[in-house]
Amino acid sequence: MGNHTESIGIAGAGLLGRLLAWQLLLRGHRVSLFDAGTREGIDSAAWTAAGMVAPLSEAVVSERPIYDMGLFALTQWPLWINQLESERTLWHQQGSLVVSHPQDEAELAQFHRELQYIIGSADGYQWLDRPALQNLEPDLSDRFQRGLLLETEGFLNNRELLNQLLATIERLGGECHFECPVDVEPNTLYNAERRYRFDRVIDCRGVGAKPQQPAVRGVRGEVLHVRTRELALHRPVRLMHPRYQLYIVPKPDHRFVIGATQIESEDRSPMSLQSSLELSSALYTLSPAFAEARIVEQSVNLRPTYLDNNPHIQTSDGLIRVNGLFRHGYLLAPAVVKQVLADVEGAEGTPFAPFLQRPLPEMSSAPEHPFRHSP
Ligand SMILES: Cc1cc2nc3c(=O)[nH]c(=O)nc-3n(C[C@H](O)[C@H](O)[C@H](O)COP(=O)(O)OP(=O)(O)OC[C@H]3O[C@@H](n4cnc5c(N)ncnc54)[C@H](O)[C@@H]3O)c2cc1C
């Protein structure tokens, strides 16, 4: 970086806001972070998310650059996690499994064909037969005849990550304002009480940016958390099904996150009975040992999304807007954050700049690849 350091105001302390605040502080900038919600971040999509970093799984429902940025994430997250020096394990990378019940085998075969078509090689995934599946995940139902192991995929202990990021930001001298909603204009964050001036501001408010940026929409997602000591999983498992796809991600303290619905609605009200039934009955078919699991949380949030379902960075004098990470926040954050840092410092852009800095799609143009799955 050059010698020039700036005062930077960041609106939104979800995933992007925390990562950017941390990285900017490390580079010597003075950072103030504002969030409408609490320190824990429970209002952010980042808190509700399952925290998977799954470029292959997502490749079949997105444009190619999402996959490329996802591959970058698989190398960047371990480096960042090392820098955070957390006592708890924040990053796991033992691949993920994709399975289907025998009657839904066509869904799994189609997923495999799409993966081959998009990635163009068999790098990073392999078929496992029943004994190999049982060997890898002994607690999975033995009804699964085969499965795909996506070898390189990882997942984060995302809630602990948010916590660690905030602790690190404060240790580095970042100024944090919680329960302090702000609006954004070049060089300024403001609310009814005060105006705060900076050399530059960065808008990371996710769906909260919508009143000022109507192109952002929220896409509702619901997840269930259960706890049980009856079984263990070592990696995320996706279940292919004709009507819905479900994933289950192991978390600390014998907890599992099961998700997620994807509904075109900005309703943040509690989980519907239908979603709860679908998620929990699919979970039960992964292993009957889940029958006695305790439901400890039902969580609902909105994924911040533009019309083309892709992320966009808009840079102008005194203001950077970064938004639209949709269902891929953890997958895309490393590439997006690196590009914003390059913009702040006037450095050469990343290879992802042409994709990330495209103009926002007009309301009249349809998305190139509408999504089909609903994990
Ligand atoms: C159910 C679900 C599951 C998901 N699973 C995954 C997954 O497995 N892998 C993956 O890669 N992605 C996943 N995602 C997507 C991921 O969570 C998002 O893409 C990511 O959190 C977006 O980051 P962000 O920082 O833009 O927004 P957020 O994380 O939503 O943060 C925005 C922050 O802005 C704050 N804010 C809002 N308005 C204001 C205001 N006026 N002033 C100040 N602050 C404000 C909010 O309180 C919030 O803290 C999932 C999302 C959901 C909902």
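Of the 33 residues around the ligand, Asp35, Ala45, Met52, Phe326 and Tyr330 come nearest. A residue counts as near a molecule when one of its heavy atoms lies within 4 Å of it. This is a predicted model, in which local features need pLDDT of at least 70 and side-chain atom pairs count only at pLDDT 80 or more, while totals for chains, interfaces and linings use all residues. Residues are numbered from 1 along each chain as its sequence is written, and side-chain values use heavy atoms, with hydrogens and water left out.

**The ligand and its shell**

By class, the shell holds 20 nonpolar, nine polar and four charged residues. Here Ala, Val, Leu, Ile, Met, Phe, Trp, Tyr, Cys and Pro are nonpolar, Asp, Glu, Lys and Arg are charged, and the others, Gly among them, are polar. Helix H1 (15–26), helix H2 (45–48), strand E14 (217–227), strand E18 (294–305) and H9 each give the shell at least two residues. Helices (H or I, at least four residues) and strands (E, at least two) are DSSP runs, numbered from the N terminus.

| Residue (backbone atom) | Ligand atom | Distance |
|---|---|---|
| Leu15 | oxygen | 3.2 Å |
| Val182 | nitrogen | 3.0 Å |
| Leu331 | oxygen | 3.0 Å |

Taken alone, the ligand exposes 1000 Å², and the protein buries 94% of that. Accessible areas come from the Shrake-Rupley method with a 1.4 Å probe.

**Two domains**

The domain assignment, automatic or from a database, gives domain 1 (7–53 + 158–215 + 307–360 + 367–373) and domain 2 (84–154 + 217–305). Their C-alpha centres lie 27 Å apart. Across the boundary, 31 residues of domain 1 are in contact (heavy atoms within 4.5 Å) with 33 residues of domain 2. The ligand shell draws at least three residues from each domain.

**Buried residues**

Leu341 sits in helix H9 (residues 329–344). Its relative accessible area is 4%, so Leu341 is buried; buried means under 20%, exposed over 50%, and partly exposed in between (1.4 Å probe, protein chains only). Setting aside neighbours within four places in sequence, Leu341 is in contact with Leu20, Gln23, Leu24 and Arg27.

Gln76 belongs to helix H4 (residues 64–84). Gln76 is buried because its relative accessibility is 7%. Residues up to four places away in sequence aside, Gln76 touches Pro334 and Lys338.

Val184 lies in strand E10 (residues 183–185). With 3% relative accessibility, Val184 is buried too. Beyond four places in sequence, its contacts include Ala11, Leu189, Tyr190 and Leu319. Val184 and Trp47 are 137 residues apart along the chain, and 23 Å separates their C-alpha atoms.

**Backbone exceptions**

Most residues other than glycine have a negative phi, and most peptide bonds are trans. Phe326 has a positive phi, near 50 degrees. Phe326 lies in the loop between strand E20 (319–323) and H9, and is buried at 7% relative accessible area. Asp253, also not a glycine, has a positive phi of about 60 degrees. Asp253 is in the loop between strand E16 (246–251) and E17, and is partly exposed at 49%. The peptide bond from Gly259 to Ala260 is cis, with omega near -25 degrees. Ala260 is in the loop between strand E17 (255–259) and helix H8 (273–286).

How values were computed:
Polar contact = N/O pair within 3.5 Å; in protein donor to acceptor, adjacent residues only side chain to side chain.
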